Amino acid sequence: MMKKKRLSASKASLVLFLCQMISALDVPLDSKLLEELSQPPTITQQSPKDYIVDPRENIVIQCEAKGKPPPSFSWTRNGTHFDIDKDAQVTMKPNSGTLVINIMNGGKAEAYEGIYQCTARNERGAAISNNIVIRPSRSPLWTKEKLEPHQVREGDSLVLHCRPPVGLPPPIIFWMDNAFQRLPQSERVSQGLNGDLYFSNVQPEDTREDYICYARFNHTQTIQQKQPISVKVFSMDSLNDTIAANLSDTDIYGAKPVTEKQPILLTPTGSTSTKVELRGSVLLLECIAAGLPTPGIHWIKEGGELPANRTFFENFKKTLKIIDVSEADSGNYKCIARNILGSAYHVISVTVKAAPYWITAPRNLVLSPGEDGTLICRANGNPKPNISWLANGVPIAIAPEDPSRKVDGDTIIFSHVQERSSAVYQCNASNEYGYLLANAFVNVLAEPPRILTPVNKLYQVIADSPALLDCAYFGSPKPEIEWFKGVKGSILRGNEYVFHDNGTLEIPVAQKDSTGTYTCVARNELGKIQNEVQLEVKDPTMIIKQPEYKVIQRYGQVSFECIIKHDSTLLATVTWLKDNDELPDDERFLVGKDNLTIMNVTDKDDGTYTCIVNTTLDSVSASAVLTVVARPNPPFDLELTGQLERSVELSWIPGDENNSPITSFVIEYEDGLHEPGVWHYQTEVPGTQTTVQLKLSPYVNYSFRVIAVNEIGRSQPSEPSEQYLTKSANPDENPSNVQGIGSEPDNLVITWEPLKGFQSNGPGLQYKVSWRQKDVDDEWTSVIVANVSKYIVSGTPTFVPYEIKVQALNDLGYAPEPSEVIGHSGEDLPMVAPGNVQVHVINSTLAKVHWDPVPLKTVRGHLQGYKVYYWKVQSLSRRSRRHVEKKILTFRGNKTFGMLPGLEPYSSYKLNVRVVNGKGEGPASPDKVFKTPEGVPSSPSFLKITNPTLDSLTLEWGSPTHPNGVLTSYVLKFQPINNTHELGPLVEIRIPANESSLILKNLNYSTRYKFYFNAQTSVGSGSQITEEAVTIMDEAMASRQVDIATQGWFIGLMCAVALLILILLIVCFIRRNKGGKYPVKEKEDAHADPEIQPMKEDDGTFGEYRLFSFVSSAPF
């Protein structure tokens, strides 16, 4: 079963004459088709129902219509035929029904006032226009009148009447003075809806002689002026002066002062009134009150609310304006005028009536012969309108009869229509407030099918999206539509297709295999027609690399990627937007093939960037947000509140965080009294906090500033707060880091870290320094010193402990009692040397020394440790003296032993020990002599190999730089090395210690040897030194090799041999291809006797070693 789907509302605009109706045809908007189809007349343009014209210009009454054949036009005036041919001033435009009445050439507009109606007629019916009422505009002059000056007392109300002439249309009223300046209006003075000028109460400044009312008539572009009105306001002071001048001194006189008055409504009068307004128009209600002070106006709707979004207040709330009123706005509206003395009110009963308005206007019908249809005309209004029908401009009751037509109130029913049933019907809906007139034709057509879609029209769609293939058609009766794929394919059915009533074939999800030719066939009882269209399905456009969210610091560089993939047959364009608008015209924005780069990013670059890819068939987009971050702006509006002696509350307003949340605020302070210009850290609070309670010190002139911190960094400091000087007080604390250390044996130097300026808590900062010898029953000795950091006590015993304290004080008193510290008087050099010094030699390079500690009393200071002085006297192997270099080892604390590393073996040493205190070293102990045992020697100082021959090498060496004992011998080891760097048998030779050279004989010629050489003492072998050397080649063999290799005949012989081998290879190849076999003799010749093969001269092995007095100790 085929799916059917109604046309969407957006496609209804393609219908020319009618909307979709039951059993009705749609006539497509096709110019060629319209030229061929018969059509009843349709009014397309007409003048307004109430047509006010300028009497100085020609009158143009519009009436335009269309139809097939083109309609003819006629007019009625005041209900009778208007014969334009008999009036020379009236003409009708060609191919139009528009009338032009010539006023500018002698005609008078008043002669053509009346009700006009246009009729457009052709063979299929007649359409009529609205009744057009023609009235010339009028702007009459003001009537002459004598205006008396207005004399009023200050505080009284006043109304200046305008009473403009009655014009058509009514004039616009405004008040001005002689200088053509608008008179100022206010709550006290304002213009009413009727044009009068109302004064709630007059003031002396209202006195003037040029209150002028103007009436502007827009249609004739004229302004009429009323005669000026004079107003004289008498103030109470001037009245009292006048009375005093006319009465004797004995008379009681004096006007009463200005009296305040409760509100009284100037308009409307009374307590109630009524007003009728039409639906859809603007409701204007007005209340203007007198009173002193000037009353204020307030509006309410009894039993309801004023309509939201449609209610406005004008003229200083004296006018209530409700737009687009409906029946629901009917009701009682109360205005209340109120001042301090009381109130007044007025209730306006509003009734909303309605001229007729459409519920369902009749719509054109296009029917086939034998079809049925209906015309419906439904309207509403208040009171309910009367519905009447006309046929071709004639009341239907007296119109020619049509058996297919039946009138049923607001509906005409057509049954089994024929071509003669074509006509234009008019529906008139009217009540006392107006009327509606609508034309709707019935057009009965008999037409074979027509397909309006172009032949072979190409449709291109994106895969997986809907494909809509048009088959716009027309026919009467309405044709049936069928679709085929290909020219001779089968009819399309199934759920994969949707068939629309307008002939369109929809493929909801088009695939690549949907590409091809599609055929549409339209048929009715009068004929059949077909059309082909082409469908191409393209690959969708995709963004395979979308832009990503970026966070960038101000002045940085950022790039957004947008890499796309699209159908190769489509042209893709990439557009970048910022916040859904074009990119700024700025050279910092660089648009590349696949990216957008922004240089030198600023705050205004923050936003959403969108990459849009467009082809002719589809569009895709991707967006990413750029967040520009920076250090926060500095806080501002610092304020100090709650000032107390030791605390204050600081508050501030954070600056812009620049897209990076503020994590904390740093508060700094400046002491303008002690350190002006220097800012100190006070505290730090979380970024969500904007107030902080700060602890303060006395006698400080504080200023504060705040620094905001986010992930990017710190803001600039805020502007400093106001200064706050705290009161003076006793010091809260005493100096820190109090010490007592003597600089000489007979003094005590007391030092301390002074208080900082803000710690002084007041003026006159001083220190009380106190001391006494510890463990001695002495009184404290005290002295008060200025703001310094040390005091020297002289004449003290050497290095005795003292109790010390330092207390701060200022002009207001002392700080709390300080804590005591222990110090010592000056040190002197130790008096005695350590005794019982013993040395224990552990090995040839290490010894351990012991000593007895000295008595602490003899140290005469702080024991810092002991120093061991030691030095080498001589080497026992060389018996030669050299420059003595003393070495010192320090052992901290009260140690009584120590290790002496790095000694030289087989040497004689001396040492002594001294005690050390803060003053220096004491006397040395007697020198102690000790000797180190032998050790292994160092490597020989050099090894040289000279005089190489065919079978011998000469070795020379130097004795070790450090023999570390008595040398007993040298040990030489050597072994040959072949061409592959493999080592042969190792041979060892022991050489007497007094030798310094050796000739090594019976070696192989042209052979490389590796030598290992070291010295020995009785303790063992020292480190070895290595060298390599080569024996030379046999001279005669070398000479022959050189002669043969360089002779021409030898080179020629080698070339001949190579050529002969090449020829033999070619012959063998040819014979093998012919299938021949080698004779046995040739095979034997080809495999020569291995016994007569030449021996390989160098096979990589070692020859026999011929040794003269030693045997190899390491066979290969």
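A search of the whole structure finds 21 aromatic pairs, where rings of Phe, Tyr and Trp (its six-membered ring) pair if their centres lie within 6.5 Å, and planes under 30 degrees apart count as stacked, over 60 as edge-to-face and the rest as tilted. One of these is the tilted pair of Phe 974 and Phe 1011, with 5.6 Å from centre to centre and 35° between the planes. Phe 974 belongs to strand E82 (residues 967-977) and Phe 1011 to strand E85 (residues 1008-1017), so the pair ties together parts that are 37 residues apart in sequence. Strands (E, at least two residues) are DSSP runs, numbered from the N terminus. Both Phe 974 and Phe 1011 are buried; buried means under 20% relative accessible area, exposed over 50%, and partly exposed in between (1.4 Å probe, protein chains only).

This is a predicted model, in which local features need pLDDT of at least 70 and side-chain atom pairs count only at pLDDT 80 or more, while totals for chains, interfaces and linings use all residues. Residues are numbered from 1 along each chain as its sequence is written, and side-chain values use heavy atoms, with hydrogens and water left out.

Phe 174, Phe 180 and Tyr 214 form one aromatic cluster. Rings also meet charges: the charged end of Lys 886 sits over the ring of Trp 871, 4.4 Å from its centre, and Lys 232 lies over the face of Phe 234, at 5.9 Å from the ring centre. A charge sits over a ring if NZ of Lys or CZ of Arg is within 6 Å of the ring centre and within 35 degrees of the ring normal.

Asn 443 is found in strand E38 (residues 434-444) and counts as buried because its relative accessibility is 3%. The side chain of Asn 443 has a polar contact of 2.7 Å with the side chain of Arg 124. A polar atom of the Asn 443 side chain also lies 2.7 Å from the backbone oxygen of Ser 38. A polar contact is a pair of N or O atoms within 3.5 Å; within protein, one must be able to donate a hydrogen and the other to accept it, and residues adjacent in sequence count only if both atoms are side-chain atoms.

Two other asparagines have a positive phi. Asn 392, with phi of about 55°, is in the loop between strands E33 (386-391) and E34 (394-395). Asn 658, with phi near 55°, is in the loop between strands E59 (647-653) and E60 (664-671). Asn 392 counts as partly exposed at 24% relative accessibility, whereas Asn 658 counts as buried at 7%.

Technical notes: Helices (H or I, at least four residues) and strands (E, at least two) are DSSP runs, numbered from the N terminus.
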